[in-house]
Amino acid sequence: MHRFRFLRTVALLLFISASLSSCFSKYIISAKQVRKHYAQKKVKPTEHIIKNDTLSLCVASVGADTLPMLLLIHGAPGSLWGYMNLMDDEDLQKRFHIVSVDRVGYGKSRLKKRRFVTSIATQANALLPVFEMNKSKEKVTVLGRSYGAPIAAKLVSMVPDQVKELFMVSPVIDPEKEKFYWFSKWGRNSFIQLFLPGEFNTATAEKYSHSDELKKLLPVWNNLLVPTTVIQGGNDWIADPGNIDFAKKHIKSNRAQYIFLDNAGHMITYTHLSMIKEMLLKGLLFKDHITSVDLTPDLQEVSGN
């Protein structure tokens, strides 16, 4: 009887592991998928590792490094390849040196002797070496999506003189609105974690620390003075739509704007690519000047968080 119960428990855990892997596989892009995606493309990002004594940071870049830098920071789970549609865009390639980065704990990016890095401040600090890639005489535009948004904000607060503009898309920034799901607790099970992608386990560790980390970030919002755009979807099942209200309340800059898209989900950088492009290319700061806000969303494949 005990053996039967044990086997039943193991079978249940394996079933949950398989279910979780299947549910979140779309957010993790394999090297094989990347090779297939770029097999026939003329312009391909260059991938390399930034290294020092404690850090290995994987970045992929496209566009001349003498152009202004556009730094892209992914969420959780996710990877630098979650921004392939932006890196592939010919108009953006002509305007920016586009740099997408694997945050530490994802892909090939690591901090020495650290399996998970749940600290927003540590995540942001690890991205500082990327600014050395900016060979232009212009400031950097920073875009962070989902869990990458608060990291982007912290990063900007550390080097405000080097940043032109901050975009937070589908941000998870309100410590009181952290969402948990039926599978969240299972993702913390050490046996189940053996069968899950490392990126998923990293994301789980971040989730259970995120609310406390966001509370530590509260002083940052009052001092966030660079032009800031917050974009939130009304049908976002990952980032509570109320996050935009938090941003309005706590960001004191008079150079901030807030765009709420009633019918948009979480992956706004894919579904509303034309709007994102227009804002990046034209540097528009007021939403009534953005012509594509109410246009039918672009039909793009969703991949990455």
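**Close-up views of salt bridges and a loop residue**

**View 1. The side chains of Lys108 and Glu47 form a salt bridge, with N and O 3.2 Å apart.** A salt bridge here is a side-chain nitrogen of Lys or Arg within 4 Å of a carboxyl oxygen of Asp or Glu. The pair links distant parts of the chain, since Lys108 sits in the loop between strand E4 (97–101) and strand E5 (110–111), while Glu47 belongs to strand E1 (residues 46–51), 61 residues apart. Helices (H or I, at least four residues) and strands (E, at least two) are DSSP runs, numbered from the N terminus. Lys108 is exposed at 52% relative accessible area, whereas Glu47 is partly exposed at 35%; buried means under 20% relative accessible area, exposed over 50%, and partly exposed in between (1.4 Å probe, protein chains only). The model is predicted, so local features need pLDDT of at least 70 and side-chain atom pairs count only at pLDDT 80 or more, while totals for chains, interfaces and linings use all residues. Residues are numbered from 1 along each chain as its sequence is written, and side-chain values use heavy atoms, with hydrogens and water left out.

**View 2. Lys277 and Asp91 form a salt bridge, their closest N and O atoms being 2.8 Å apart.** This pair also links distant parts of the chain, with Lys277 in helix H12 (residues 273–282) and Asp91 in helix H4 (residues 90–95), 186 residues apart. Lys277 counts as buried, at 15% relative accessibility, whereas Asp91 counts as partly exposed, at 40%.

**View 3. Within helix H8 (residues 198–216), Lys216 and Glu213 lie three residues apart, about one turn of the helix.** Their salt bridge brings the closest N and O atoms to 3.0 Å. Elsewhere, salt bridges that share partners join Asp89, Asp91 and Lys277 into one network. By the distance rule, the count comes to five salt bridges.

**View 4. Asn263 is found in the loop between strand E9 (256–261) and helix H11 (268–271).** With 72% relative accessibility, Asn263 counts as exposed. Although Asn263 and Gly234 are 29 residues apart in sequence, their C-alpha atoms are 5.5 Å apart in space. As a setting for these views, the protein has twelve helices and nine strands, and buried residues make up 54% of its 305 residues.
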